[in-house]
Amino acid sequence: TSTYFSPIQSRLQRSSFGIAFDIDGVVLRGRHPIGGSSKALKRLYVDSTSCGTLKVPFLFLTNGGGTPESRRAIELSELLGVNVLPSQVVQGHSSFKSLLNSFENELIIATGKGEPALVMSEYGFKKVFSIDEYASFFENIDPVSQYKNWTSKQAFDLTSDSEKIMRRQSVLSKRVKAAFVVSDPVDWGRDIQVLCDVLRSGGLPGQENGNQVPLYFAADDFEYQAAFPFKRLGIGAFKIALESIFNRIHHRPLEFVSYGKPNPLVFKNVEAVLRQILSSHCDDHFVNKGDIEFNGFKTLYMIGDNPVVDIKGAREAGRPWFSVLTRTGVFRGEGNHIEFPADLVVNTVEEAVDYILESEH
Ligand code: G3P
Ligand code: MG
């Protein structure tokens with residue numbers, strides 16, 4: 001009988017699940033792997049030495065960003081010692097691609113750490129200016145700039161003089177049609193000043209009050225876990241600062257749209273991305289492709305450290321999501337989170353992966 005049942009059993013044993021890993025506070029703190037992340041991730045490849053073909057479809061789902069997905073994949077591969085594909089990186093600003101139809105050929109500005117303008121250009125937006133470059137065309141727009149002893153490392157410094165003149169003319173004659181906060185802003189004071197100028201004027205600083213320019217945030221995290229031992233203020237905190245100041249100077253309250261977790265649409269999109277990863281990069285021997293393509297994933301695990309972002313998002317996304325909360329980042333409690341309890345609480349991401357692999361086989 002064992003011979004008779006074995007083909008069926010081996011078919012059933014092939015997995016029908018996938019995993020989404022949060023980055024900050026789960027697999028990395030700053031640039032350092034934490035919680036046994038590297039070792040845990042290697043277990044998801046057919047060969048843990050070469051880390052090529054996947055045994056389990058997985059991706060990184062972070063609200064962080066500032067770098068194109070292709071570069072972030074290279075950076076994660078180096079830091080974690082596994083082969084991460086660009087399609088396995090979903091960042092807060094990845095959702096901005098859905099706005100291409102509205103703003104592809106419009107003048108837009110982008111702010112945040114890293115290279116926000118490059119991120120937007122790679123998504124296909126044709127007329128993007130980083131807020132650094134944009135502000136540089138308005139003399140004295142930042143009245144305290146002379147006291148700042150840092151210089152921008154952004155790509156606009158590399159453009160030729162003739163190109164600079166053209167770009168300057170375009171900025172001074174055209175209205176900004178949308179503003180994007182791509183990642184954690186670096187110079188909050190300057191950004192709040194310039195964004196207020198752009199948003200209140202209808203897209204051209206120095207003009208009379210106009211209709212507010214659309215404003216998009218890549219995420220809304222109030223706090224997140226970086227390298228410093230205590231939580232750091234994130235995009236959500238910047239949003240509160242901008243909003244409270246804007247509402248003092250404008251006749252209408254600030255309007256904005258925030259993307260990233262916990263928005264359930266993000267989780268829906270991740271499910272679709274995991275299906276693509278499954279069909280292109282997973283080994284048939286380990287993954288039940290036919291079943292997933294027909295019935296969908298049986299379980300999708302979200303491993304996160306922030307109850308109000310990662311766990312809330314997975315809970316609201318509903319089936320097949322299963323939430324796992326680690327104690328390596330924003331959450332440090334002994335039990336579960338009261339308001340947004342996870343399906344499972346573990347100390348580290350390694351424990352989370354151990355649990356998943358044991359439950360699924
Ligand atoms: O800026 C990073 C932060 O907002 C959160 O990143 O990876 O914890 O979603 P993550
Ligand atoms: Mg996190």
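Which residues line the largest cavity? I started my notebook with this, keeping in mind that the model is predicted.

**Entry 1: the cavity**

I looked for cavities of 30 Å³ or more and found that the structure holds one. The space in the largest cavity comes to about 50 Å³. I then listed its lining: Leu 61, Thr 62, Asn 63, Val 90, Gln 91, Gly 92, Ser 95, Gly 260, Lys 261, Val 266 and Asn 269. Sorting these residues by type, I got seven polar, three nonpolar and one charged.

**Entry 2: Ser 94**

Next I turned to Ser 94, which I found in the loop that lies between β5 (89-90) and α4 (100-103). Is Ser 94 buried or exposed? Its relative accessible area is 11%, and buried means under 20%, so I noted Ser 94 as buried. I left aside the neighbours within four places in sequence and looked up the contacts of Ser 94, which are Glu 69, Val 89 and Tyr 123.

**Entry 3: the sheet**

I wanted the order of the strands in the open sheet. There are five strands, and they run β7-β6-β8-β9-β12 with parallel pairing. The edge strands are β7 and β12 (257-258), since each of them pairs on one side only. I reminded myself that strands of a sheet pair through backbone hydrogen bonds, either parallel or antiparallel.

I went on to the pairs that involve β6. How many bridges join β6 to β7? I found four between strand β6 (residues 107-111) and strand β7 (residues 127-130), and the two run parallel. As one example, Leu 107 has Lys 127 as its bridge partner in β7. β6 is also joined to β8 by four bridges, again with the strands running parallel. Here I noted that Thr 111 stands opposite Val 181 in β8.

I also traced the path from β6 to β7. Together with helix α5 (residues 116-123), these strands make a β-α-β unit, and I recorded its hand as right-handed.

**Entry 4: Ala 178**

Why does Ala 178 count as buried? Ala 178 counts as buried because its relative accessibility is 0%, and the cut-off for buried is under 20%.

I then looked up what Ala 178 touches, not counting residues up to four places away in sequence. The list holds Phe 103, Leu 107, Ile 108, Ile 109, Val 213, Pro 214 and Tyr 216. Finally I checked Ala 178 against Ala 110, which is 68 residues apart from it along the chain. Their C-alpha atoms are separated by 8.8 Å.

Terms used:
Residues numbered from 1 in each chain as written. Chains lettered and ligands numbered in written order. Predicted model: local features only at pLDDT ≥ 70, side-chain atom pairs only at ≥ 80, totals over all residues. Heavy atoms only, no water. 1 Å grid on protein atoms, 1.4 Å probe; cavity = no way out; pocket = protein on both sides within 12 Å on 5 of 7 lines; lining within 4 Å. Points joined across faces, edges and corners; volume = space filled by probe spheres on them. Nonpolar A, V, L, I, M, F, W, Y, C, P; charged D, E, K, R; others polar. Pairing = 2+ DSSP bridges. Right-handed = clockwise from strand over helix to strand, strands pointing away. Buried < 20%, exposed > 50% of the residue type's maximum accessible area, 1.4 Å probe, protein only. Contact = heavy atoms within 4.5 Å.
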